[in-house]
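Let's take a walk through this structure together. Have the sequence and the 3D view at hand.

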Amino acid sequence: MNRKKIEKNYIYKFCAVLLFCMAFLSGCGEKKLETTTLFAMDTIMELQIVGDPKLLTEAEGKIRNIEKLISVTDEDSDIYNLNRSSTYEVSGITADIMDKALTMCGRTEGALDISIYPVLKAWGFTTGEYQVPTEEELSILTKNVDYRQVSLNKNGSDNTFTATIPEEMQVDLGSVAKGYTSTMLSDYFRENGVKSGLINLGGNVQCIGTKTDGSLWKVAIKSPFPDSSSGIYGVLEAADTAIITSGGYERYFEQDGQIYWHIIDPVTGRPAHAGLSSVTVVGSDGIVCDALSTALFVKGLEESVRLWQASSDFEAIFITEDGEVYITEGIADSFSLSSEYHSAPVHVLTK
Ligand code: ADP
Ligand code: MG
């Protein structure tokens with residue numbers, strides 16, 4: 001993987017990790033905090049629990065296992081082999097992620113599409129060797145983007161599934177992998193008696209319970225604007241929930257004065273420009289939040305609000321390109337702007 005990309009990712013994600021770390025420590029009291037940091041799924045991950053440290057070792061193994069199954073570059077992975085052969089017998093975990101991701105592709109009417117991968121490759125987002133593809137190239141590639149053509153069937157009684165995609169298609173579960181993983185880990189920790197913890201997978205956060213003193217977690221919502229001095233737009237107080245943000249600022253390149261980022265509109269094959277700078281989705285199911293954060297960024301505010309109004313499993317914070325905040329009523333009282341952005345307009349969305 002591209003070295004510069006790793007370094008850039010490292011720096012900004014490290015700041016977020018530090019902040020969460022501070023948030024955790026401030027609430028820990030005497031109970032012993034166990035913590036581990038690892039690099040997986042292209043990002044820094046930090047797991048903190050009040051509980052048996054062996055759980056962290058197990059958790060790390062679970063993360064590595066998921067990564068090995070769904071990596072697009074590991075020649076032994078389910079997804080690598082599916083992309084190479086168009087049909088492949090995949091493990092139960094891969095099938096579970098794929099099935100849930102496909103449900104979200106449908107729910108977002110294709111704003112999320114796991115078959116966008118060849119388009120991302122054409123832009124160089126998979127290698128860091130960035131380039132702007134031609135219109136012709138994009139029109140050919142987008143013809144093969146259609147999650148509805150992915151099929152997944154259970155094989156008899158064992159826990160394997162056969163996944164099939166058209167020959168020209170390639171899939172990637174990267175847009176939802178961290179959300180899936182964070183909920184899987186928080187379930188695992190809870191089942192093993194953990195009452196307080198924080199899972200931070202490169203800024204995709206899932207909190208378990210509250211801080212040990214009973215107060216809520218304070219999770220920073222990053223500023224999507226590169227000229228920010230504090231890096232923080234606001235703070236959300238939360239307990240027992242996933243908080244997942246997508247924004248163009250996370251990965252991009254500049255060419256001829258234009259910025260091109262890594263969230264692609266599957267219809268055009270070009271970086272999504274729907275008026276938003278970042279979308280944070282809050283809810284109990286990490287894969288739903290992760291899928292929605294990407295998809296709502298593609299959809300823009302108006303369509304996203306309609307989707308939220310018709311749903312009952314998530315809340316959201318939208319930061320527009322102009323720096324205005326739109327926040328859904330369920331979390332409006334839990335959010336406060338940072339001092340740097342104290343005068344930003346905040347609008348509460350109602351159902
Ligand atoms: P990250 O995983 O970088 O934290 P996201 O969850 O927003 O951020 O996922 C963005 C990633 O998903 C991109 O890097 C790209 O690999 C992939 N992607 C981009 N656009 C789409 C899309 N419309 N549907 C599905 N995946 C996408
Ligand atoms: Mg996402």
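Where is the place of G174? You'll find G174 in helix α7, which covers residues 174-191. Keep in mind as you look around that this is a predicted model. G174 is partly exposed, because its relative accessible area is 36%, and that value falls between the 20% that marks buried and the 50% that marks exposed. Now look for D42: G174 and D42 are 132 residues apart in sequence, yet their C-alpha atoms are 9.6 Å apart in space.

Next, the metal. The magnesium ion (ligand 2) is held by D290, through both O and OD, and by OG1 of T294, at 2.2 to 2.4 Å. Why are D290 and T294 separated by about one helical turn? Both belong to helix α8 (residues 286-299) and are 4 residues apart there, so about one helical turn lies between them. D290 and T294 are also both buried.

On to a sheet. Here 3 strands make an open sheet in the order β3-β5-β4, with antiparallel pairing. β3 (87-90) and β4 (151-154) stand at the edges with a single partner strand each, so one side of each has no neighbour in the sheet. On average, neighbouring strands of this sheet are turned by 20° against each other, direction ignored. Helix α3 (residues 78-85) packs on the sheet, where it touches β3 and β5, and its direction makes about 160° with that of β3. As for β4 and β5 (residues 161-164), they pair in the antiparallel sense over 4 bridges; S151, for one, has T164 in β5 as its bridge partner.

Now for the rings. The structure holds 10 aromatic pairs. In one of them, F225 and Y233 have ring centres 6.0 Å apart and planes at 55°, so the pair is tilted. F225 and Y233 are both buried. Y233 also pairs with Y341: those centres are 3.9 Å apart and the planes meet at 25°, so this pair counts as stacked. It links distant parts of the chain, with Y233 in strand β9 (residues 232-238) and Y341 in the loop between β18 (335-337) and β19 (346-349), 108 residues apart. Y341 is buried too, with a relative accessible area of 11%. Elsewhere, ring pairs join W123, F125, Y130, F253 and Y260 into a cluster.

Finally, look for lysines over rings. K62 has its charged end over the ring of Y188, 4.6 Å from the centre, while K351 lies over the face of W308, at 4.8 Å from the ring centre.

Key
Residues are numbered from 1 along each chain as its sequence is written. Chains are lettered from A and ligands numbered from 1 in the order in which they are written. This is a predicted model: local features need pLDDT of at least 70, side-chain atom pairs count only at pLDDT 80 or more; totals for chains, interfaces and linings use all residues. Side-chain values use heavy atoms; hydrogens and water are left out. Donors are N, O and S atoms within 2.8 Å of the metal (3.2 Å for Na, K and Ca); water is not among the atoms, so sites may look incomplete. Helices (H or I, at least four residues) and strands (E, at least two) are DSSP runs, numbered from the N terminus. Buried means under 20% relative accessible area, exposed over 50%, partly exposed in between (1.4 Å probe, protein chains only). Two strands pair if DSSP finds at least two bridges between them. Axes are lines fitted to C-alpha atoms, for helices over the stretch in contact, and angles run from 0 to 180 degrees between N-to-C directions. Contact means heavy atoms within 4.5 Å. Rings of Phe, Tyr and Trp (its six-membered ring) pair if their centres lie within 6.5 Å; planes under 30 degrees apart count as stacked, over 60 as edge-to-face and the rest as tilted. A charge sits over a ring if NZ of Lys or CZ of Arg is within 6 Å of the ring centre and within 35 degrees of the ring normal.
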